[in-house]
Amino acid sequence: MNFGFTEEQELLSAQARRLVQGSGSLAEVRRVSRTALGYEPALWRQLAQLGFVGLLVPERHGGAGLGWVDVAVLLEATGRGLLPSPLLSNLLASAALAELGTAQQQAEWLPRIARGELIATVALLERDQSIGPDGVNVRVTGSDDERVLDGEKAFVHDAGSAALFVVAARDERGVGLYLVERDQPGVEAPSHALIDATKRMGTLRLSGVRIARAAVLAEPPRGEAALARLLDAGAVAVAAEAVGAAQAVHELTVEYAKTRRQFGVAIGKFQGVKHPLAEMHVEIETAKSLMYYAAWALDAAPAELPRAASMAKAYVSDAFARIGIDAIQLHGAIGYTEEYAAQLYLKRSKWVRPQFGDADHHYERLARLGGL
Amino acid sequence: MDFDLGPEELAFRDEVRAFLDENLPVQDLRAWQRKVREKRWVGFAWPREVGGGGGTIMQQVILKEEMAQRKAPPLGTCFMGLAWVGPALIEHGSEAQKQRFIPDILDSKYQWCTGYSEPETGSDLASLQCRAVRDGDHYVVDGQKIWTSLAPIAEWMILLVRTAPAAELGKHSGITCLLVHMKSPGIEVRPITNMSGGQLFAEVFFTQVRVPVDQRLGEEGQGWEVTVGALANERSSIAEVTALVRRLEELQELAKRSRKHGLPAAHDPRVRRTLARMATQIEGMRLNGLRFLTKQLKGEPLSSETSINKLHRAELEVAMGDFALELEGLASGYVGSGPEAIEQGKWQRTALSWPETVIGGGTPNIQKNIIAERILGLPKD
């Protein structure tokens with residue numbers, strides 16, 4: 001029995017946190033989030049050199065060959081600093097390739113992903129926001145030798161910067177996963193403005209896009225289980241970033257409560273301030289436990305994954321949403337300013353909530369899994 | 001990360017399971033208590049020299065968990081003795097005190113009660129006023145205690161008294177711990193009826209009660225360390241989680257049987273979300289417990305982490321009983337063994353008995369103070 005981290009995982013966390021404090025500081029986050037690209041290429045290269053980008057890429061393809069618990073540790077640390085980067089997208093796409101890809105697909109894509117030369121993402125959801133196979137309506141027609149994709153994938157992370165998309169689409173056999181490149185004819189993928197300027201998300205439009213046999217990642221209906229696992233992995237990854245962000249804004253607020261004086265004392269002496277901060281601590285620690293366990297399930301207990309991932313994402317979504325709002329309120333007017341950091345975290349909490357399913361979606365799924 | 005048990009732990013779990021297979025359901029409670037006593041599972045965490053089991057942390061967790069899974073009866077009925085008095089005796093008691101009291105606690109011979117709270121002293125325990133004055137080889141106690149659980153049936157009390165004024169050294173000094181026989185002349189117990197009709201707690205009055213000095217636990221003025229030391233003796237409580245899981249299963253069954261808007265209540269989105277949220281919170285408690293347990297296994301002391309799960313538990317204790325009554329709808333008004341009462345009013349009892357755990361173990365607001373001050377480092381009130 002050991003629900004803790006290895007020395008290597010502690011080192012990974014420390015390394016990522018140093019990076020966030022240095023070249024990924026909040027001043028830098030603000031600057032980068034205003035650029036069109038939305039991430040800093042020099043920092044992205046550094047992330048790749050440190051092995052973070054290829055964390056899930058097998059060693060034979062130039063990656064670190066690590067697992068989801070390591071990803072959780074990494075994303076919790078980068079989430080603390082709201083580090084703007086396509087890291088989460090790349091990790092999900094590389095996991096799909098590593099778990100489902102043929103030897104040839106892996107050899108073609110994974111080394112470039114690990115080196116940070118190519119940004120990859122997953123395009124799973126559509127406009128009706130149904131989180132699961134029912135929401136997949138991009139059509140696949142044509143023959144097995146040359147399939148044709150038509151339709152629109154919505155809410156695609158890093159759509160504007162990705163060169164490779166893992167796309168969920170449907171034919172009469174069910175859901176499959178396909179590899180689509182940005183420079184293929186009929187592909188259009190802009191990113192759009194978001195409430196959270198540190199993130200990028202957009203739409204992938206597919207008009208008569210031709211898919212060779214070599215670009216089929218998961219044949220239908222095998223794609224359905226693969227889609228479910230990717231959605232769970234995405235939920236856990238977003239939750240990991242969110243836990244780090246929630247903890248960072250909580251620490252910021254605790255520090256403020258220790259130094260801000262009113263009525264002659266530090267405001268942290270008042271129970272009206274102290275108790276919400278204690279409640280946040282309870283929620284963050286519990287969110288961590290649920291999130292780490294879900295990450296472990298991704299690595300080691302696939303049968304437990306749906307329940308664990310839903311619990312983690314549902315709990316984290318609600319907790320972070322509340323923490324984001326309470327952090328602003330506990331600061332008072334300063335928390336409402338653009339200049340102060342608390343607002344950046346509030347915006348992240350809004351972005352996090354619906355990603356890969358909100359609390360309503362996951363609690364309903366849990367009710368079904370629990371026999372209701 | 002690794003959630004498996006090692007070979008020795010598995011062997012111990014199998015031993016516990018085999019024992020439970022053989023002895024459950026329990027027909028004769030006394031015989032059950034003798035048997036678990038022979039296994040040395042009563043006071044399992046205590047050292048073997050005092051008659052305990054010397055169980056490792058993992059063995060303690062396994063034993064509690066397996067027992068909770070199977071809804072086994074408690075290992076002993078001397079609840080306060082096993083929870084508070086025994087650990088304090090082991091830590092601070094003289095040889096003679098250990099020999100006099102520990103075997104009786106392990107054998108559940110009689111009940112202990114804890115004389116801590118006073119009319120003016122609840123959450124602010126250190127402000128207590130009940131006074132003891134040294135007179136030769138006795139202390140003479142005058143004052144009052146209140147909310148003393150089990151006082152009407154207890155034979156002994158672990159009592160906190162003030163032997164020096166709080167003024168000079170701070171209010172935590174000058175407190176002394178005495179072990180007092182409840183039949184001592186000058187003690188009067190007046191039971192208090194609680195809102196569910198029980199009379200398990202009481203006011204206790206002391207008038208010139210003489211307590212021999214050899215019934216002092218620890219040194220004079222050291223009473224705070226003796227009792228707060230016992231409070232710190234808490235373990236991450238996996239077994240409590242198992243009990244909550246069992247209760248949630250029952251609540252879910254109730255949801256399936258109940259009706260709402262002319263449909264099974266289990267179809268209602270809010271009912272579904274509430275039950276799933278409770279399951280998530282309970283799982284969060286289990287995993288928190290395992291994280292804290294990992295810290296303990298690595299030899300790191302637990303500080304105030306247990307307050308986190310206490311707050312979750314308090315919330316769930318209140319919410320689960322209350323939600324059950326919501327599910328029962330109009331039928332929730334019926335109590336007792338009448339024809340309309342559901343499950344003999346089981347959930348009505350739950351909905352009215354949560355203060356025992358929620359307030360008794362330190363109120364949620366106090367737990368929040370502990371987290372804010374000891375973990376987050378916010379200024380003290």
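Trainee: Is the crossing in which α8(B) passes α9(B) left-handed or right-handed?
Mentor: α8(B) passes α9(B) in a left-handed crossing. Keep in mind that this is a predicted model.

Trainee: Why are α8(B) and α9(B) called roughly antiparallel to each other?
Mentor: Look at the angle. The axes of α8 (residues 269–297) and α9 (residues 306–328) of chain B cross at roughly 155°. Angles over 145 degrees count as roughly antiparallel. Therefore α8(B) and α9(B) are roughly antiparallel. Their axes also come within 10 Å.

Trainee: Which residues make that contact between α8(B) and α9(B)?
Mentor: From α8(B), they include Thr274(B), Met278(B), Ile282(B) and Met285(B). From α9(B), they include Ile308(B), His312(B), Arg313(B) and Phe323(B). The contact residues divide into 8 nonpolar, 7 polar and 1 charged.

Trainee: What makes β3 and β8 of chain A a pair?
Mentor: Bridges. β3 (residues 146–157) and β8 (residues 201–212) of chain A have 9, in the antiparallel sense. So they pair by that rule. Within β8(A), Arg205(A) stands opposite Glu152(A).

Trainee: How do you know that β6 and β8 of chain A pair?
Mentor: Use the cut-off of at least two bridges again. β6(A) (residues 187–188) and β8(A) share 2 bridges, also antiparallel. So this case meets the cut-off. The bridge partner of Glu188(A) in β8(A) is Arg205(A).

Trainee: How many bridges join β7 of chain A to β8(A)?
Mentor: 2 bridges join β7 (residues 191–192) to β8(A), and the strands run antiparallel. Ser191(A) stands opposite Gly202(A) of β8(A).

Trainee: Now the domains. Into which domains is chain B divided?
Mentor: Domain 1 covers 7–76, domain 2 covers 111–220 and domain 3 covers 238–375.

Trainee: How do you know that domain 1 and domain 3 of chain B are in contact?
Mentor: The count shows it. 8 residues of domain 1 are in contact with 8 residues of domain 3. Residues are in contact if their C-beta atoms lie within 7 Å. The 25 Å figure is another quantity: it separates the domain centres, taken over C-alpha atoms. On the domain 1 side, the contact residues are 4 nonpolar, 1 polar and 3 charged.

Trainee: Last one. How many residues does the contact take from chain B and from chain A?
Mentor: It takes 33 from chain B and 34 from chain A. On the chain B side, α8, α9 and α12 (364–375) each give two or more residues. The largest share, 14 residues, comes from α8(B). By class, that side has 18 nonpolar, 7 polar and 8 charged residues.

Terms used: Residues are numbered from 1 along each chain as its sequence is written. Chains are lettered from A and ligands numbered from 1 in the order in which they are written. This is a predicted model: local features need pLDDT of at least 70, side-chain atom pairs count only at pLDDT 80 or more; totals for chains, interfaces and linings use all residues. Axes are lines fitted to C-alpha atoms, for helices over the stretch in contact, and angles run from 0 to 180 degrees between N-to-C directions. Helices (H or I, at least four residues) and strands (E, at least two) are DSSP runs, numbered from the N terminus. Angles under 35 degrees count as roughly parallel, over 145 as roughly antiparallel, 65 to 115 as roughly perpendicular and the rest as oblique. A crossing is left-handed if the near helix is turned anticlockwise from the far one by less than a right angle, and right-handed if clockwise. Two residues are in contact if their C-beta atoms, placed from the backbone, lie within 7 Å. Ala, Val, Leu, Ile, Met, Phe, Trp, Tyr, Cys and Pro count as nonpolar, Asp, Glu, Lys and Arg as charged, and the others, Gly among them, as polar. Domain bounds come from an automatic or database domain assignment.
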